[in-house]
Amino acid sequence: MTISIGIYVFDQVEVLDFAGPYEVFTTATRVAKASQGENSRVFEVFTISRDGKPIKARAGLVVQPDYSFDNQPLIDVLLIPGGVVSAELARPKVIKWIQRTNAGTQLTASVCTGSMLLGKAGLLDGLSATTHWEDTAELQSMFTNVKVVTGVRWVDQDAIVTSAGISAGIDMSLHLVERLASRELAELTARQMEFDWTENH
């Protein structure tokens with residue numbers, strides 16, 4: 001069974017926040033094909049923006065999303081990266097889309113300040129969560145009913161998984177490969193990427 005990973009991208013998104021997880025899930029599929037045969041397709045990964053038009057990520061990288069809110073496929077895992085999220089927090093259409101999409105996912109995850117968008121959508125209520133170390137105090141002040149955890153790479157609350165900043169999204173994504181596929185595939189993916197996987201201990 002193929003698991004679809006939908007990654008939201010927006011103007012001023014942090015590049016590694018979305019590109020790191022994208023690399024993990026696509027590499028995991030490539031590794032699985034190499035070991036299990038060409039027909040093995042573990043993850044299908046795609047990007048989504050509000051209108052499907054190109055977005056300009058942080059530092060000016062232009063990205064052409066695969067889909068818009070109106071034509072996206074079904075999403076098994078929704079991933080919300082961070083970056084400068086103030087404009088996205090002020091868009092009711094984005095918050096409602098996150099709520100609506102989350103209702104049909106196996107799990108929803110965030111990287112860095114993407115947790116603020118999950119909080120705004122009400123998905124962190126009563127849960128533990130994390131974000132970039134620079135933004136933990138703001139996350140706690142914005143969402144007082146969330147237990148903000150510091151000093152960890154990610155926080156897994158079953159249907160909601162949040163990670164700390166930037167490169168921590170790669171660690172979290174490898175954890176999700178383990179959860180959704182296998183420990184072996186996660187380890188092989190980290191090795192293929194030559195990435196020193198930092199786990200939560």
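Axes here are lines fitted to C-alpha atoms, for helices over the stretch in contact, with angles from 0 to 180 degrees between N-to-C directions. Helices (H or I, at least four residues) and strands (E, at least two) are DSSP runs, numbered from the N terminus. I then listed the contacts, meaning heavy atoms within 4.5 Å. Leu174, Val177 and Glu178 of α6 meet Arg183, Leu185, Ala186, Thr189 and Ala190 of α7. That set splits into five nonpolar, one polar and two charged residues. Nonpolar covers Ala, Val, Leu, Ile, Met, Phe, Trp, Tyr, Cys and Pro; charged covers Asp, Glu, Lys and Arg; the others, Gly among them, are polar.

**Ground rules.** I noted that this is a predicted model: local features need pLDDT of at least 70, side-chain atom pairs count only at pLDDT 80 or more, and totals for chains, interfaces and linings use all residues. Residues are numbered from 1 along each chain as its sequence is written, and side-chain values use heavy atoms, with hydrogens and water left out.

**Sheet.** Next I traced the strand order. The open sheet has seven strands, β5-β2-β1-β6-β7-β11-β10, with mixed pairing. β5 (67-68) and β10 (154-156) are the edges; each has a single partner strand, so one side of each lacks a neighbour in the sheet. Two strands pair if DSSP finds at least two bridges between them.

**Strand β7.** I checked burial in β7 (residues 107-111) and found five of its five residues buried. Buried means under 20% relative accessible area, exposed over 50%, partly exposed in between (1.4 Å probe, protein chains only). Leu107, Ala109 and Val111 cover one side, Thr108 and Ser110 the other. β7 pairs in the parallel sense with β6 (residues 77-80) over four bridges. Leu78 stands opposite Thr108 there. β7 also pairs in the parallel sense with β11 (residues 160-163), over four bridges. In that pairing Ser110 faces Thr162, and Val111 faces Ser163.

**Helices on the sheet.** α1 (residues 15-36) lies across β1 (3-8), β2 (43-49), β6 and β7, at about 155° to β2. α3 (residues 92-102) packs on the sheet too, touching β1, β2, β6, β7 and β11, with its direction at about 150° to that of β6.

**Core.** Last, I looked up the largest nonpolar core, which holds 61 residues. Such a core is a set of buried Ala, Val, Leu, Ile, Met, Phe, Trp, Tyr and Cys residues joined through side-chain atoms within 4.5 Å. Phe43, Trp97 and Ile98 touch the most other members. Beyond neighbours within four places in sequence, Ile98 contacts Leu78, Ile80, Leu117, Leu118, Ala121 and Leu123.
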